[in-house]
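Here are some notes to read alongside the structure, written for someone new to this kind of work. Keep the model open and look up each residue as you go.

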Amino acid sequence: VPIAVSAFSEQALKSQGIDTAGNLVQSVPNLTFTRRALRTNFQIRGVGAQLVSTGGDDGVGIHHNNVPLTSNRLADAEFYDVERVEVLRGPQGTLYGRNATGGVVNVITNKPSDEFNASITAEFGNYNSIKLQGFVNVPLGEMFQLRAAGFALQRDGYTDNTLNGQDIDDREIWAARVTLGFTPTDNFRGYI
């Protein structure tokens, strides 16, 4: 079936500077992004949702590891320890059990493996910006693997509120994810 897909590997995300969902608009044709008070609003080819209600469906579905998220905070999150990000343009009839009239943004995270490895990166910048990302992958015997990943961002605001002198648009974000892999045979894998 012909379908318009933009897929970005972990290396492509890093090389193109795509570290948030809002940055996807720089590399995906016909994709727009706005951040509303209660939700993230993606539109693909002009199809999306303008509603502000938390109970309404989005025109563009947001999926995490192929699971639809009915409520998401993708606007506040950064891509960390991600295998790839896929943007499927056009109607998705029953993709992963949920309709999406405009398309789908699917974030696929890295899975545990049977080799020990770990990584940590730190970035420092203006406005007292500190960004930390890291993961550790640990094999637990022959059938189990564990992967823990985390992300932290702290930054002062870019703008001063002239009324009270406080910073506006500062960030303090912390996120973590733990995935347990189960591989009893070469043909069967499960993740929790």
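Predicted model: local features only at pLDDT ≥ 70, side-chain atom pairs only at ≥ 80, totals over all residues.

Which residue forms a salt bridge with Asp81?

1. **The Asp81 pair.** The partner is Arg177, and the closest N and O atoms of the two residues are 4.0 Å apart. Arg177 belongs to strand E13 (residues 171-185), while Asp81 sits in the loop between strand E5 (67-68) and strand E6 (82-89), so this pair ties together parts that are 96 residues apart in sequence. Are these two residues buried or exposed? Arg177 has a relative accessible area of 15% and is buried. Asp81 is buried as well, at 10% relative accessibility. Both fall in that class because buried here means under 20%.

2. Lys14 and Glu10 give you an example, with a salt bridge of 3.9 Å from N to O. Both residues lie in helix H1 (residues 10-15), where they are 4 residues apart, or about one turn of the helix. Lys14 counts as exposed, with 64% relative accessibility, whereas Glu10 is partly exposed at 23%.

3. Next, please find Glu86 and Arg84, which form a salt bridge with their closest N and O atoms 2.7 Å apart. Glu86 is buried, its relative accessible area being 12%, while Arg84 is partly exposed at 27%.

4. **The open sheet.** In what order do the 5 strands of the open sheet stand? The order is E8-E9-E10-E13-E14, and the pairing is antiparallel. Strand E8 (117-125) and strand E14 (188-191) are at the edges with a single partner strand each, so one side of each has no neighbour in the sheet. On average, neighbouring strands of this sheet are turned by 10° against each other, direction ignored. For a detail to check by eye, go to E13 and E14, which run antiparallel and are joined by 3 bridges. Thr185 stands opposite Phe188 in E14.

5. **The largest pocket.** Some residues from the points above come back here. The largest pocket has a volume of about 410 Å³, and 18 residues line it. Which of them lie nearest its centre? They are Glu10, Lys14, Phe79, Asp81 and Gln133. H1, E8 and strand E9 (129-140) each supply at least two lining residues, and the largest share, 4 residues, comes from E9. By type, the lining divides into 6 nonpolar, 6 polar and 6 charged residues.

6. **A look at Phe42.** Finally, please visit strand E3 (residues 40-44), where Phe42 is found. Phe42 has a relative accessible area of 3%, so it counts as buried. How many residues apart along the chain are Phe42 and Gly59? They are 17 residues apart, and their C-alpha atoms are separated by 7.7 Å.

Terms used:
Residues numbered from 1 in each chain as written. Heavy atoms only, no water. Salt bridge = Lys/Arg side-chain N within 4 Å of Asp/Glu carboxyl O. Buried < 20%, exposed > 50% of the residue type's maximum accessible area, 1.4 Å probe, protein only. Pairing = 2+ DSSP bridges. Axes fitted to C-alpha atoms, helices over the stretch in contact; angles between N-to-C directions. 1 Å grid on protein atoms, 1.4 Å probe; cavity = no way out; pocket = protein on both sides within 12 Å on 5 of 7 lines; lining within 4 Å. Points joined across faces, edges and corners; volume = space filled by probe spheres on them. Nonpolar A, V, L, I, M, F, W, Y, C, P; charged D, E, K, R; others polar.
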